[in-house]
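The following note is intended for a colleague who is meeting this structure for the first time.

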Amino acid sequence: MELFQYPYMQRALIGALVIGLAAPALGIYLVQRRLTLIGDGVGHVALTGVGAGLLLNRSPVLVAVFVATIGAVAIELVRSRGRTSGDLALALLFYGGIAGGVLLVGLSDATSANLNAYLFGSLTTISSADLTTIAVLGAAILVTMVALRPALFAVSHDEEYARVSGLPVRTLNLLIAVTTAVTVTIAMRAVGVLLISALMVVPVATAQQVTRGFRSTMTAAMALGLFAAGTGVWVAATADTAPGASVVLVAIASFLLVAVAGGVWRALRRRAAPAAAPAPEPHEVVLH
Amino acid sequence: MSAPVITVEHGAVGYDGRPVLRDVSLTVTAGEVVAVLGANGSGKSTLIRAVLGLVPLSAGSITLFDRPLRRFRQWARIGYVPQRLGAGGGVPATVREVVASGRLARRGILRPPGTADRAAVDAALRAVGLADRAADPVSTLSGGQQQRTLIARALAGRPELLILDEPTAGVDAASQEAFADALRDFVADGGTVLLVAHELGPLRPVISRAVVVHQGGICHDGTVPDPAGHHAEPDHDHVHPHGPDEPAGLWSN
């Protein structure tokens, strides 16, 4: 535990906790729209931003926010058109993003260690300026996703109904796209481009196995994200493992634990009340 | 003479150049309960989707509450009930959460729900007989109960006009009765209804006027036509699929 007396470990922990809380708050809307892998795509695009930042000697994170936002908006526009070619357009964007990133990093003076820090995360190298950026953007994500929950739920649940309710559907969709880009870029420092989607999606997948409503799923997913981030950093500090990978593995372990426990609980309940036959549905047709 | 609520003048709609509706004119005045009837593929669902602005018109014009559709913003006056609940990505939602979405048109997206919103959601749940299921996930409900949830969502916004797309298709008898009751109450309070139906069943006494859509045009506008042929048998239950090549029967002149 004495490791947490060092400021860099404290920054790592706080950064991870902020991201652990914010990522599932956005991720639940992505899961509801069946866009669970969109975070991966935006992450690929963000990598081009990192490369450009390193090449131009600007803050890689800020350039990445900029480039990822453009990428996320482009993905949203392709999605809302609903064309069959959208799938291919996304593939082009994803691979173009990662190839562009690798190319630009190669052109700059950065070493492969720099690239790795963004691909797999580098929690322990977060500066206090980085931490301020993460905390401010993380708080903005949280407030937006929680305060606009009724509207974002309506749009993600039934887009046509939301349109007929007079909601600004396009604006809300773009808001989710931009928030995805911002979340990806701040989470990039913690778990890396390749593992970001895990923090957005896995806590939601864990929570929805046991919850009954949207709001309770969101709350539980945020709690699980916080738990995974805290435990993951602690495991990394104690066992000297990669922090980003540890956080994600804790999240996945929680998912498996809940899945198994849920299965056992259902089996036990079935055994406890074997006589309870399912009530028949009322007849919908008269058979002659 | 009541004020017109919906006016469609010479409306035409096409998907990818294929005409679905050609030159449709329809006026619904306040207090009316109009059923749009027709075989599958006749364009009846397209008609109400065009009225809601979900499908663009290729010709003609639509007016809602005396305003051109393009400039219509008072969406809280309209309650829309789609054919079915979208599957979603598997994130659970309770019946109450889905019904509460119906308040957004009235409340706006920034204001948190208040006492009036909660009271309206409670009343809507009672109106469709689902008050005891409010905390259950919608995915655990039967098809008919899910349909009633969507009707409650529309009623929660306290609309003046209800637009329903096949509200009773594949719905069990108990839910059809609950739905007919909710509709009767809505009309008794002065509401206007436009609904698309394949067959009317227990709704028949509530309907004041029927419009029959056939091959993209309106071929009947007036009293509810009597079922013809095997449709008229007292025990007839509408369970067979309607292909486009089925003899038109009732809808042919």
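1. The secondary structure of chain B consists of six helices and 10 strands. The model is a predicted one. Of the 253 residues in chain B, 44% count as buried. When contacts in chain B between residues at least 6 apart in sequence are considered, 70% of them join residues at least 24 apart.

2. Four strands of chain B make up an open sheet, arranged in the order β2-β1-β4-β5 with antiparallel pairing. Its edge strands are β2 (18-29) and β5 (67-68) of chain B, each of which pairs on one side only.

3. Within that sheet, strand β1 (residues 4-15) of chain B pairs with β2(B) in the antiparallel sense over eight bridges.

4. The loop between β5 and β6 of chain B holds B:Ala76. Setting aside neighbours within four places in sequence, B:Ala76 is in contact with B:Ala105, B:Arg106, B:Gly157 and B:Pro159. The C-alpha atoms of B:Ala76 and B:Leu195 are 18 Å apart in space, and these two residues are 119 residues apart in sequence.

5. The next matter is how the chains meet. In chain B, 32 residues are in contact with 32 residues of chain A. On the side of chain B that touches chain A, at least two residues are supplied by each of β6 (78-81), α2 (95-100), α3 (104-107) and α6 (173-188) of chain B. The residues of this side of chain B comprise 19 nonpolar, seven polar and six charged.

6. The largest nonpolar core has 162 residues, and those touching the most other members are A:Ile19, A:Ala46, A:Leu199 and B:Val36. Helix α1 (residues 7-32) of chain A provides the largest share of this core, with 14 residues. In soluble globular proteins, nonpolar side chains tend to be buried together.

7. Which residues does A:Leu199 touch, not counting residues up to four places away in sequence? They are A:Ile19, A:Gly20, A:Ala23, A:Ala187, A:Val191, A:Gly225, A:Val248 and A:Ala251.

8. Confidence in chain A deserves a separate remark. Chain A has an average pLDDT of 87, and 92% of the residues score at least 70. Among the elements of chain A, the lowest mean pLDDT, 80, belongs to helix α5 (residues 112-120), and the highest, 94, to helix α11 (residues 214-239).

9. Helix α11(A) has 26 residues and spans 36 Å from its first C-alpha to its last, which is close to the 38 Å expected at 1.5 Å a residue. Just after α11(A), A:Asp240 adopts a positive phi of about 55°.

Technical notes: Residues are numbered from 1 along each chain as its sequence is written. Chains are lettered from A and ligands numbered from 1 in the order in which they are written. Two residues are in contact if their C-beta atoms, placed from the backbone, lie within 7 Å. Ala, Val, Leu, Ile, Met, Phe, Trp, Tyr, Cys and Pro count as nonpolar, Asp, Glu, Lys and Arg as charged, and the others, Gly among them, as polar. pLDDT is the predictor's confidence in each residue, from 0 to 100. A nonpolar core is a set of buried Ala, Val, Leu, Ile, Met, Phe, Trp, Tyr and Cys residues joined through C-beta atoms within 7 Å. A residue is buried if 20 or more other C-beta atoms lie within 10 Å of its own, exposed if 12 or fewer, and partly exposed in between; C-beta atoms are placed from the backbone. The expected span of a helix is 1.5 Å times one less than its number of residues. Two strands pair if DSSP finds at least two bridges between them.
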